[in-house]
Amino acid sequence: MSSAVGKRYARALFEVASERGKIDQVEADLGAIVEAVEGNEDLKKIMQHPHIAADAKSKLADELFKSHVGEESFNFLNVLIENGREVQLSDIYSSFVQLANDARGFADATVTSAKPLSAEEQAELAEKFGQTLNKKLRLTAIVDPTILGGIIIKIGDRLYDGSLKTKLETFAHHA
């Protein structure tokens with residue numbers, strides 16, 4: 001869950017990106033930065049270590065990211081480092097994605113099923129739930145045989161659990 005401070009940073013970046021017409025680029029840049037930091041344990045430790053000077057972190061960010069991301073994203077990363085907020089980068093990214101999705105009328109959804117869903121089934125789910133929410137859904141499909149059957153859909157804070165496992169657990173609990 002994103003902190004209030006993280007949401008404020010995300011909103012500020014979103015406003016700049018929106019004014020400059022670079023929402024998609026900034027979202028992609030931040031995603032790449034988060035993936036790089038989260039995917040490299042040493043880099044993550046350095047960026048999140050409280051006793052490593054901001055100057056050293058900024059220099060490292062310059063070497064790693066300056067030539068690979070846009071000006072807005074790079075400057076934003078430096079602002080986070082200067083203000084000691086680089087630890088919140090992942091939360092800020094999540095908040096930014098949510099703001100960008102809201103602006104586009106999109107929502108991200110995770111669909112969990114016992115067996116792989118066909119492209120047609122995924123499109124049908126996206127269409128039906130998208131109409132309910134009045135948004136265009138971007139689905140991520142996950143296969144989890146432990147749910148036995150049915151599907152679980154998570155959209156933002158909402159969870160639609162139509163799994164056989166949950167139904168059986170509910171039945172057993174009430175029996």
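**Exercise 1.** In which sense do S3 and strand S4 (residues 158–161) pair, and over how many bridges?

*Solution.* The model is a predicted one, in which local features need pLDDT of at least 70 and side-chain atom pairs count only at pLDDT 80 or more, while totals for chains, interfaces and linings use all residues. Residues are numbered from 1 along each chain as its sequence is written, and side-chain values use heavy atoms, with hydrogens and water left out.

Begin with the terms: strands (E, at least two residues) and helices (H or I, at least four) are DSSP runs numbered from the N terminus, and two strands pair if DSSP finds at least two bridges between them. S3 and S4 pair in the antiparallel sense over four bridges, and isoleucine 155 stands opposite arginine 158 in S4. The two strands form a hairpin with two residues between them, and glycine 156 in the turn has a positive phi of about 60°.

**Exercise 2.** Describe how helix H4 (residues 54–65) packs on helix H5 (residues 71–82).

*Solution.* Axes are lines fitted to C-alpha atoms, for helices over the stretch in contact, and angles run from 0 to 180 degrees between N-to-C directions. The angle between H4 and H5 is about 160°, and their axes are 9 Å apart. Angles under 35 degrees count as roughly parallel, over 145 as roughly antiparallel, 65 to 115 as roughly perpendicular and the rest as oblique; H4 and H5 are therefore roughly antiparallel to each other. As for the residues in contact (heavy atoms within 4.5 Å), H4 contributes Ala54, Lys57, Ser58, Ala61, Asp62 and Phe65, and H5 contributes Phe74, Leu77, Asn78 and Ile81.

**Exercise 3.** Classify the packing of helix H1 (residues 4–19) with helix H2 (residues 23–39).

*Solution.* H1 and H2 pack at an angle of about 135°, with their axes 8 Å apart, which makes H1 oblique to H2. Leu13, Phe14, Ala17 and Ser18 of H1 meet Ile23, Val26 and Leu30 of H2 in this contact.

**Exercise 4.** Which residue's side chain meets that of arginine 104 in a salt bridge?

*Solution.* A salt bridge requires a side-chain nitrogen of Lys or Arg within 4 Å of a carboxyl oxygen of Asp or Glu. The partner of arginine 104 is aspartate 24, at 2.6 Å from N to O. Because arginine 104 lies in helix H6 (residues 89–104) and aspartate 24 in helix H2, the pair ties together parts that are 80 residues apart in sequence.
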